[in-house]
Amino acid sequence: MSTLRQYEALCAEIISLLKRERKRRKLSNYVVSQRSGVSESMLSRVERGHVNPSLETVLRIADGIDVDLAAVITRARASIPKKSVAKRP
């Protein structure tokens, strides 16, 4: 997997984990929006993969859900296949 694809997969998995956690906690987009300062429409577009949010936006969303972003990133990294290392002759 190329570095760019790995990065994109990691970003998508982080957003997916945040969305799952929001739903698990039965938090609406409205509530997370109020807690995070990220608009409902932006939150919705992020969760649907229509925009690539900045790190600040992702952090604010995580704060709005009350989850540790570092823990989410660790979980996401564990679920993404590692980059294969080419053997040299």
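This is a predicted model: local features need pLDDT of at least 70, side-chain atom pairs count only at pLDDT 80 or more; totals for chains, interfaces and linings use all residues.
**Entry 1: α2 and α4**

I began with a pair of helices and noted that the crossing of α2 and α4 is right-handed. Helix α2 covers residues 29-36, and its axis and that of α4 come within 8 Å, crossing at roughly 110°. Angles of 65 to 115 degrees count as roughly perpendicular, and α2 and α4 are therefore roughly perpendicular to each other. Next I looked up which residues touch, and I found Val32, Arg35 and Ser36 on the α2 side, meeting Arg60, Ile61, Gly64 and Ile65 on the α4 side. Sorted by class, this contact of α2 with α4 has three nonpolar, two polar and two charged residues.

**Entry 2: α1 and α4**

I then turned to α1 and asked at what angle α1 and α4 pack. The angle is about 20°, and the axes are 10 Å apart. Because angles under 35 degrees count as roughly parallel, that makes α1 roughly parallel to α4. I noted the crossing of α1 and α4 as left-handed. From α1, the residues Ile14, Ile15, Leu18, Glu21 and Arg22 meet Val58, Ile61, Ala62 and Ile65 of α4. By class, I have seven nonpolar, no polar and two charged residues for the contact of α1 with α4. Looking back at my first entry, I see that Ile61 and Ile65 were also listed there, where α4 meets α2.

**Entry 3: α1 and α5**

The crossing of α1 and α5 is right-handed. On the α1 side the contact is made by Leu10, Glu13, Ile14, Leu17 and Leu18, and on the α5 side by Leu69, Val72, Ile73, Arg75, Ala76, Arg77 and Ser79. These residues of the contact of α1 with α5 divide into eight nonpolar, one polar and three charged.

**Entry 4: the largest pocket**

Rolling a probe the size of a water molecule over the atoms shows where empty space is left. The largest pocket has a volume of about 440 Å³, and of the 17 residues that line the largest pocket, Tyr7, Cys11, Ala12, Ile15 and Pro53 are the closest to its centre. Which helix gives the largest share of the lining of the largest pocket? I found that α1 does, with seven residues. At least two residues of this lining are supplied by each of α1 (3-24), α4 (55-65) and α5 (69-79). By class, the lining of the largest pocket has 13 nonpolar, three polar and one charged residues.

**Entry 5: the cavity**

Last, I asked how many cavities of 30 Å³ or more a search of the whole structure finds. The search finds one, and the largest cavity has a volume of about 30 Å³. Its lining is made up of Ile15, Leu18, Lys19, Leu43, Val46, Glu47 and Ile61. The elements that give two or more residues to the lining of the largest cavity are α1 and α3, the latter spanning 40-47. By class, I count five nonpolar, no polar and two charged residues in the lining of the largest cavity. I end with a cross-reference, for Ile15, Leu18 and Ile61 line the largest cavity and also take part in the contact of α1 with α4, while Ile15 is also listed beside the centre of the largest pocket, among the residues closest to that point.

Key
Residues are numbered from 1 along each chain as its sequence is written. Side-chain values use heavy atoms; hydrogens and water are left out. On a 1 Å grid over the protein atoms alone, a cavity is a set of points where a 1.4 Å probe fits but cannot get out, and a pocket is an open set with protein on both sides within 12 Å along at least five of seven lines; lining residues have an atom within 4 Å of a point. Grid points are joined across faces, edges and corners, and a volume is the space filled by probe spheres set on the points. Helices (H or I, at least four residues) and strands (E, at least two) are DSSP runs, numbered from the N terminus. Ala, Val, Leu, Ile, Met, Phe, Trp, Tyr, Cys and Pro count as nonpolar, Asp, Glu, Lys and Arg as charged, and the others, Gly among them, as polar. Axes are lines fitted to C-alpha atoms, for helices over the stretch in contact, and angles run from 0 to 180 degrees between N-to-C directions. Angles under 35 degrees count as roughly parallel, over 145 as roughly antiparallel, 65 to 115 as roughly perpendicular and the rest as oblique. A crossing is left-handed if the near helix is turned anticlockwise from the far one by less than a right angle, and right-handed if clockwise. Contact means heavy atoms within 4.5 Å.
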